[in-house]
Amino acid sequence: MALSEKPKPPRHIAIIMDGNGRWAKQRGLPRTAGHAAGAEAFRRIANYCRTLGVEYLTVYAFSTENWKRSADEVAGIMKLLRRYLEEALRDMEKNRVRFCFFGDLSKLSPDLQALCDRAQKQSEDYDVQVNFCLNYGGRDEIVQAARRFARDVADGNRQPEELTEELLSTYLYSADVPDPELIIRPSGEKRTSNFLLWQSAYSEYVFMNVLWPDFSSADLDAAIEEYHRRNRRFGGV
Ligand code: IPE
Ligand code: IPE
Ligand code: MG
């Protein structure tokens, strides 16, 4: 289908980039090779989202639960992230993507934190926004928000009664970002695994059987088409 014939994509797409390990296993490769292929898939799909005119792309790259994996696997993922961010910093002018990070970055190594910080600062004038979820958990995000609100109350800057859904949203990592209309999970699993618990209240979920490293632009088109077939009611009729 030509780009002009495609239905307008949602403003905000979120993806649980899952299935790297199984992709590697199928090929008799180490899990890290699956993560490397997953990073390639991310580059491909982020570019494609930009071509389509998606304004926000939120990707789940590492969860608060992923520390349970072997030290080798975690180190391999962190190495890939480092490599990706270094490359993104180098190609910033060309790609013109704005980087944001959702998650508790304080648990990452100082050099990785510094790269995240630089990527965020150096890209803040660009429009298309990629939200990287790193050491991210939906429950953790809500706890951190509640803690910061409680701190504001304790400091006398807020009253408990002031708290509304809108105000609580401003304490989340996603403060300035509209909720995702579409959340895609490849790999065949049908669960949220602690992703965007608050923001997904009315998101449309599309679960797909493809493993993330194999995810193609045609798969994204298919997910967007499925999204357009849904009837969103938001509790109305
Ligand atoms: C997703 O792929 C990547 C991360 C969680 C970092 P997995 O590594 O979970 O792949 P599977 O689910 O084991 O196939
Ligand atoms: C979710 O996938 C986290 C990321 C894709 C980063 P997992 O593979 O960690 O989730 P579970 O273990 O299948 O629920
Ligand atoms: Mg998985």
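## Contact between two helices

Residues I45, Y48, C49 and L52 of helix α2 meet S217, L220, D221 and I224 of helix α8, where contact means heavy atoms within 4.5 Å. By class, this contact has six nonpolar, one polar and one charged residues; Ala, Val, Leu, Ile, Met, Phe, Trp, Tyr, Cys and Pro count as nonpolar, Asp, Glu, Lys and Arg as charged, and the others, Gly among them, as polar.

The model is predicted: local features need pLDDT of at least 70 and side-chain atom pairs count only at pLDDT 80 or more, whereas totals for chains, interfaces and linings use all residues. Residues are numbered from 1 along each chain as its sequence is written, and side-chain values use heavy atoms, without hydrogens and water.

## Geometry of the pair

Helix α2 covers residues 31–52 and packs against α8 at an angle of about 50°, with the axes 10 Å apart. The crossing of α2 past α8 is right-handed, that is, the near helix is turned clockwise from the far one by less than a right angle.

## The largest cavity

The whole structure contains three cavities of 30 Å³ or more; a cavity is a set of points on a 1 Å grid where a 1.4 Å probe fits but cannot get out, and lining residues have an atom within 4 Å of a point. The largest has a volume of about 50 Å³.

K6, P7, P9, L52, D221, I224 and E225 line the largest cavity. Helix α8, residues 217–229, provides the largest share of this lining, three residues. The lining comprises four nonpolar, no polar and three charged residues.

How values were computed:
Chains are lettered from A and ligands numbered from 1 in the order in which they are written. On a 1 Å grid over the protein atoms alone, a cavity is a set of points where a 1.4 Å probe fits but cannot get out, and a pocket is an open set with protein on both sides within 12 Å along at least five of seven lines; lining residues have an atom within 4 Å of a point. Grid points are joined across faces, edges and corners, and a volume is the space filled by probe spheres set on the points. Helices (H or I, at least four residues) and strands (E, at least two) are DSSP runs, numbered from the N terminus. Axes are lines fitted to C-alpha atoms, for helices over the stretch in contact, and angles run from 0 to 180 degrees between N-to-C directions.
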